[in-house]
Amino acid sequence: MKENNSNLNAKQEQAIIIGAGPCGLSAALELQAIGIEPLLLEKNAVVHSIYQYPTYMNFFSTAELLEIGGIPFTSPNDKPSRREALQYYRDVALRRQLRIRAYEAATAILPQEDGAFRVETSDRFGGKRVYETPYVVVATGYFDHPNLLGIPGEELPKVTHFFGEAHPYTGMKVAIIGGNNSAVDAAMELLRVGAEITVVYRGEDYSPSIKPWVKPLFQGMVNKGNIRMIFSSRVVGIGENTITVQPNDQDSESYTLDNDFVLALTGFRPERTLLTDAGAEVDAESTIPTFDPETMESNVPGLFIAGVIAAGREANEIFIESGRHHGELIARRIRQLRE
Ligand SMILES: Cc1cc2nc3c(=O)[nH]c(=O)nc-3n(C[C@H](O)[C@H](O)[C@H](O)COP(=O)(O)OP(=O)(O)OC[C@H]3O[C@@H](n4cnc5c(N)ncnc54)[C@H](O)[C@@H]3O)c2cc1C
């Protein structure tokens, strides 16, 4: 058990939710509905993951399927934009007066002998706080932890794992690593600013997960030669002005291409240390935490998970559409425990 912050007085809370993403917010609303005012700890601002989406992105879900707490989310568009979603979740948090401590990260969850938890936090200035609570919901998502390539040059400033918008890449030679929706969407946007685009993808053919309404447009651009698509290959090195590409077929030689920027859009993985340090079990193969799907309670009584953190290595198994319902299960279980 960690000794950090052991001299600080703990503030008592009815329940603590770690992470104010859509699924953490949804859990908070469901707890409110059973008479608990949880404290949300958020290491950035509310729905930080959505804030980090590409600036002009539209959701693939309809607004209705992104609603939490039964609060209507309407949009004049088929699919809401990032900006509309930021406004919706922000408004929900403010109007329902959710108690969010922004810019305060949970650093440890320490199970106590009486079954409660001490939750240790650190704010952006290094200030430490400690809370004590009978129930903790971990809803920390996955967006902070991109799947790293582990190749030389990945640390260069010209490499990013987050695509914001196309403007900075106008007229530049841009390599996109990956072949799923984020890679395809970024490529289509980069076309409009006159970037010279190369997509390097390890798959042999177009990914089946590409949105069906985008795939023909993307394929059309590849067929016309507007986007260079390199299948069955990986980027194995990044230099200041080049990338090195290795075909999957190891008998083929690697080659270099001129390059100004690299967008490594290879997905994200949930980080589980907070959970495992608190005694939660995680399957070594799938990386899925042990939990009861009826209640979202982990193997540690009183410690719950909500949202993408409940997914395995393939974080795409859980979306807002599905993870927003975890809060209802958690609230039902906590109500039982308090009866
Ligand atoms: C480009 C893109 C488009 C998408 N489109 C859709 C869509 O159309 N429909 C859909 O259903 N899903 C979509 N998704 C998936 C969706 O974004 C995720 O499923 C969703 O964000 C998961 O919500 P969450 O609350 O579990 O986690 P997150 O949204 O990742 O929130 C976790 C929060 O926890 C905070 N946090 C992390 N660690 C700590 C800590 N130690 N202490 C305090 N706070 C912490 C983070 O700052 C973050 O705010 C999309 C994802 C991407 C990347």
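The protein chain is divided into domain 1, made of residues 11-145 together with 268-338, and domain 2, made of residues 159-264, where the bounds come from an automatic or database domain assignment. Nine residues from domain 1 and eight residues from domain 2 form the contact, and contact here means heavy atoms within 4.5 Å. The centres of domain 1 and domain 2, taken over C-alpha atoms, are separated by 33 Å.

Before I go on, please keep in mind that this is a predicted model, in which local features need pLDDT of at least 70 and side-chain atom pairs count only at pLDDT 80 or more, while totals for chains, interfaces and linings use all residues. Residues are numbered from 1 along each chain as its sequence is written, and side-chain values use heavy atoms, with hydrogens and water left out.

Let us turn to the chain as a whole. The protein chain holds eight helices and 17 strands, which are DSSP runs numbered from the N terminus, with at least four residues of H or I for a helix and at least two of E for a strand. Its C-alpha trace spans about 65 × 45 × 35 Å along the principal axes. For 339 residues, a compact globule would have a radius of gyration near 20 Å, and the 22 Å of the protein chain agrees with that; the radius is taken over C-alpha atoms, and the globule rule is 2.2 Å times the number of residues to the power 0.38.

How much of the protein chain counts as buried? Of the 339 residues, 49% do, where buried means under 20% relative accessible area, exposed means over 50%, and partly exposed lies in between, with a 1.4 Å probe and protein chains only. Among contacts with a separation of 6 or more, 61% come from residues 24 or more positions apart.

Now for two single residues. Thr160 sits in strand S9, residues 159-160, and Thr160 is buried because its relative accessible area is 19%. Leaving aside residues up to four places away in sequence, Thr160 touches Tyr169, Val262, Leu263 and Ala264.

Phe319, in turn, lies in the loop between strand S17 (303-305) and helix H7 (320-323), and with a relative accessible area of 36% Phe319 is partly exposed. Phe319 touches Phe60 and Arg324, again not counting residues up to four places away in sequence. Finally, Phe319 and Pro22 are 297 residues apart in sequence, and 9.7 Å apart in space, C-alpha to C-alpha.
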